[in-house]
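Here is a short report on one predicted model. Please keep the sequence and the coordinates open while reading.

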Amino acid sequence: MISPEYLTKGSKIALVAPARKISREEIQCAVDWINDKGFTPVYDDRLFAEYHQFAGDDGFRAAVLQDYLDRDDIDAIFCVRGGYGTIRIIDKLDFTKFAGHPKWIVGYSDVTVLHAKMQQLGYQSIHATMPINFPNNTKEALDSLLDALTGKKVKGKKEKGKGGEVMWEDCEIVGGNLSVLYSMLGSDLFPDTDGRWLFIEDLDEYLYHIDRMMTALRRAGKLAHLKGLIVGAFTQMHDNVVPFGMTAKEIISEKVKEYDYQVVWDFPAGHIDDNRAIVF
């Protein structure tokens, strides 16, 4: 995998909204953080466009992101928030000029689509918190983002899993939000999981849907040949009036119990304040 250049003092970070709309107030904490770390935030009025729930219509959002992908003076792109919408524009983007000056793509949740594209093209990216979350993020989450951007080894520890201990940060990792991965199943964007660690997390889903998605991944052969599985936060799970009868952890465990690889549970990443950075 190709690693973009690490950031140094003065590096430019573009702020883009590939999905849901955002306000100036919601990015201010992140702008302050970028400046405080010695980087330069780059954005303009296009960031605050509105089209129903989106930050502009599909063509507009794609054009803004394309601009920053193409620019040689941009060193990283922070997706300011998730929601829904990145998959609607991914096929409108051209990464030809990006290849001449690759930059770090940073975000999580809906940004899983961009991570998948980076994996398809052979570039590393950073699964990490986004500007809308900065006011509530832990120091550890923001420090891990800074470490990933500047080339310091992202702090981790040996996690016990089936088969022994794993130093997760030494592994080749793909994945992201389970629901977004599920939406890409069967397309060229779904990451190659064979021989790699798969990271998954999710938010605000019904337990039966977690079961549906994990069953779909298993039936498609996406879980059979993993190096290992890293399970992040599964927060705000819902149940029906008639209970499903299993927790998210129990559902995932059931789907991978036949495989002889390591599983790391409750890794601090996903829709939580302590959303640690992972280099994909």
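**Sheet.** In this predicted model, six strands form an open sheet with mixed pairing. The order is E2-E1-E3-E4-E5-E12. E2 and E12 stand at the edges. Each has a single partner strand, so one side of each is left without a neighbour in the sheet. E1 and E3 pair in the parallel sense, over four bridges. Ala-14 stands opposite Ile-77 in E3.

| Strand | Residues |
|---|---|
| E1 | 12-16 |
| E2 | 40-42 |
| E3 | 76-79 |
| E4 | 104-107 |
| E12 | 278-279 |

**Helix H2.** H2 covers residues 58-70 and lies across E1, E2, E3 and E4. Relative to E1, H2 runs at about 170 degrees. At 1.5 Å a residue, the 13 residues of H2 should span 18 Å, and the end C-alpha atoms are 18 Å apart, which agrees. Asp-57 caps the N-terminal end of H2. One of its side-chain oxygens lies 3.3 Å from the backbone nitrogen of Gly-59. Buried residues of H2 include Asp-58, Arg-61, Val-64, Leu-65 and Leu-69.

**Cores.** Which residues touch the most other members of the largest nonpolar core? They are Ile-77, Ile-200, Leu-223 and Leu-229, in a core of 51 residues. Leaving out residues up to four places away in sequence, Leu-223 touches Leu-198, Met-214, Leu-217, Arg-218, Lys-255, Val-256, Tyr-259 and Tyr-261. Another core, of 28 residues, lies apart from the largest one. Among its residues are Trp-33, Ala-128, Leu-142 and Leu-149.

Conventions: Residues are numbered from 1 along each chain as its sequence is written. This is a predicted model: local features need pLDDT of at least 70, side-chain atom pairs count only at pLDDT 80 or more; totals for chains, interfaces and linings use all residues. Side-chain values use heavy atoms; hydrogens and water are left out. Two strands pair if DSSP finds at least two bridges between them. Helices (H or I, at least four residues) and strands (E, at least two) are DSSP runs, numbered from the N terminus. Contact means heavy atoms within 4.5 Å. Axes are lines fitted to C-alpha atoms, for helices over the stretch in contact, and angles run from 0 to 180 degrees between N-to-C directions. The expected span of a helix is 1.5 Å times one less than its number of residues. Buried means under 20% relative accessible area, exposed over 50%, partly exposed in between (1.4 Å probe, protein chains only). A polar contact is a pair of N or O atoms within 3.5 Å; within protein, one must be able to donate a hydrogen and the other to accept it, and residues adjacent in sequence count only if both atoms are side-chain atoms. A nonpolar core is a set of buried Ala, Val, Leu, Ile, Met, Phe, Trp, Tyr and Cys residues joined through side-chain atoms within 4.5 Å.
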